Amino acid sequence: MVAAPSLTYRTARVLTVIAERPGASNRAIADAAGISDEGQISRLLRRLESRGWVKNSGEGHTKGKPNAWSLTPAGALLLSR
């Protein structure tokens, strides 16, 4: 059996916010999770995405639109542990 990765408080908080507010933007997630630095939330979300725990279905800043984050099944499973 593989042990679940340990999560920092901030990571768990961000995953919880995304679970409660699917489709939330970076700013909405940061505000709800108490993260004031835009660069910090962007890096954290990219890291969570690279691990397969969240996905971005928004058009993103390249088109002037906000990101729209949701949990993947792996992220939901991780959060439920």
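Buried residues account for 33% of the 81 residues in the chain. Here, buried means under 20% relative accessible area, exposed means over 50%, and partly exposed falls in between (1.4 Å probe, protein chains only). The model is predicted: local features need pLDDT of at least 70, side-chain atom pairs count only at pLDDT 80 or more, and totals for chains, interfaces and linings use all residues. Residues are numbered from 1 along each chain as its sequence is written, and side-chain values use heavy atoms, with hydrogens and water left out.

The chain holds four helices and two strands. Their order from the N terminus is α-α-α-β-β-α. Helices (H or I, at least four residues) and strands (E, at least two) are DSSP runs, numbered from the N terminus. The radius of gyration of the chain is 12 Å, which agrees with the value near 12 Å for a compact globule of 81 residues. That radius is taken over C-alpha atoms, and the globule rule is 2.2 Å times the number of residues to the power 0.38. Along the principal axes, the C-alpha atoms fill a box of roughly 45 × 25 × 20 Å.

Contact means heavy atoms within 4.5 Å. Among contacts between residues at least 6 apart in sequence, 44% join residues at least 24 apart.

The largest nonpolar core has 19 residues, and V14, I18 and I29 touch the most other members. Helices α1, α2 and α3 and strand β2 are the elements that each give two or more residues to this core. A nonpolar core is a set of buried Ala, Val, Leu, Ile, Met, Phe, Trp, Tyr and Cys residues joined through side-chain atoms within 4.5 Å. Beyond residues up to four places away in sequence, V14 touches I29, A33, I35, I41, L44, L45 and L48.

Helix α2 spans residues 26-33, and its buried residues are N26, I29, A30, A32 and A33. These buried residues pack against α1 (9-20), α3 (38-50) and β2 (69-71). An α-helix has 3.6 residues a turn, so residues three or four places apart point the same way. Just after α2, G34 takes a positive phi of about 75°.

A19 lies in helix α1. A19 is partly exposed, with a relative accessible area of 38%. Leaving aside neighbours within four places in sequence, A19 is in contact with L71 and L79. A19 and L71 are 52 residues apart in sequence, yet 6.2 Å apart in space, C-alpha to C-alpha.

T72 sits in the loop between β2 and α4 (73-80). T72 is buried because its relative accessible area is 14%. Not counting residues up to four places away in sequence, T72 touches G52, W53, V54 and K55.

P5 belongs to the segment before α1. P5 is partly exposed, at a relative accessible area of 41%. Not counting residues up to four places away in sequence, P5 touches W53 and L78. P5 and R81 are 76 residues apart along the chain, and 9.9 Å separates their C-alpha atoms.

The chain has 12 positive and 6 negative side chains, and the centres of the two sets lie 5 Å apart. Lys and Arg count as positive and Asp and Glu as negative, while His and the chain ends are not counted.

Definitions and conventions. Charge placed at Lys NZ, Arg CZ, Asp CG, Glu CD.
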